[in-house]
Amino acid sequence: MAKVSIVIFLLFPLFLNSSCIQDSYKKQIGVKELTGHNDGVEVEMYLKSVNTPKGSSWCAAFVHWNLSKCNIPNKVTAWSPTAHNPNNIVYFKSNYKKEPKAGDVFTLYSAKQKRIHHTGFFDKKINNSIIQTVEGNTSGAGAITGSSQDVNGDGVYCKKRSLHSIYSITRWE
């Protein structure tokens with residue numbers, strides 16, 4: 001019985017953080033920029049969490065703010081490539097390393113920019129080819145995937161994305 005208690009005690013923070021992060025990012029759904037120029041109370045709060053000025057792109061700041069709010073150590077800055085955690089890969093270039101869970105961080109890669117250019121949270125699998133995400137600095141479902149409105153929109157939205165479009169899913173806890 002003591003061994004079971006120890007295992008539960010050691011695993012409890014993992015369940016707590018996963019639940020915390022999902023609760024945190026879901027509460028942000030519906031946040032909108034004030035004037036459409038990367039501004040507004042909540043947007044500026046995300047940007048402040050990574051010491052970045054008002055008016056900057058904020059998808060990665062949104063990720064950092066939520067992870068930090070749940071005491072999940074991370075190295076995410078305002079620059080989206082920092083959201084990819086090479087030390088804990090869940091999914092990379094169409095290959096699963098482990099099963100994704102709510103609160104994992106996904107990234108999108110731009111061939112034109114030759115780098116990761118957008119990030120957000122994996123929320124759940126819809127099926128083997130579609131995932132649900134929650135992401136900041138994006139637009140509603142009407143934007144063309146990969147368009148400037150898709151990766152530099154006006155708020156926090158819950159979206160469905162093709163798994164084929166995902167560059168990576170990594171875990172910070």
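Visitor: Does Cys-70 count as buried or exposed, and at what relative accessibility?

Guide: The model is a predicted one. A residue is called buried when its relative accessible area is under 20%. Cys-70 has 3% relative accessibility, so Cys-70 counts as buried.

Visitor: Which residue forms a disulfide with Cys-70?

Guide: A disulfide is a covalent bond between the sulfur atoms of two cysteines. Here Cys-70 is paired with Cys-20, and their sulfur atoms lie 2.1 Å apart. The count of disulfides comes to one.

Visitor: Which parts of the chain does the pair link?

Guide: The pair links distant parts, 50 residues apart: Cys-20 belongs to helix α1, whereas Cys-70 sits in the loop between α3 and β1 (89-92). Cys-20 has a relative accessibility of 26% and therefore counts as partly exposed.

Visitor: Why is the disulfide of Cys-20 and Cys-70 left-handed?

Guide: The handedness follows from the torsion about the S-S bond, which is about -85°, so this disulfide is left-handed.

Visitor: Which residues touch the most other members of the largest nonpolar core?

Guide: That core has 24 residues, and those touching the most other members are Tyr-46, Trp-58, Phe-62, Leu-67 and Phe-121. Helices α1 (2-27), α2 (41-48) and α3 (59-69) each supply at least two residues, with α3 giving the most, six. A second, separate core has ten residues, among them Tyr-91, Leu-108, Leu-163 and Ile-169.

Visitor: What does Trp-58 touch, leaving aside residues up to four places away in sequence?

Guide: The contacts of Trp-58 beyond that range include Val-43, Tyr-46, Leu-47, Asn-137, Asp-154 and Val-156.

Key: Residues are numbered from 1 along each chain as its sequence is written. This is a predicted model: local features need pLDDT of at least 70, side-chain atom pairs count only at pLDDT 80 or more; totals for chains, interfaces and linings use all residues. Side-chain values use heavy atoms; hydrogens and water are left out. A nonpolar core is a set of buried Ala, Val, Leu, Ile, Met, Phe, Trp, Tyr and Cys residues joined through side-chain atoms within 4.5 Å. Buried means under 20% relative accessible area, exposed over 50%, partly exposed in between (1.4 Å probe, protein chains only). Helices (H or I, at least four residues) and strands (E, at least two) are DSSP runs, numbered from the N terminus. Contact means heavy atoms within 4.5 Å. A disulfide is a pair of cysteine sulfur atoms within 2.5 Å.
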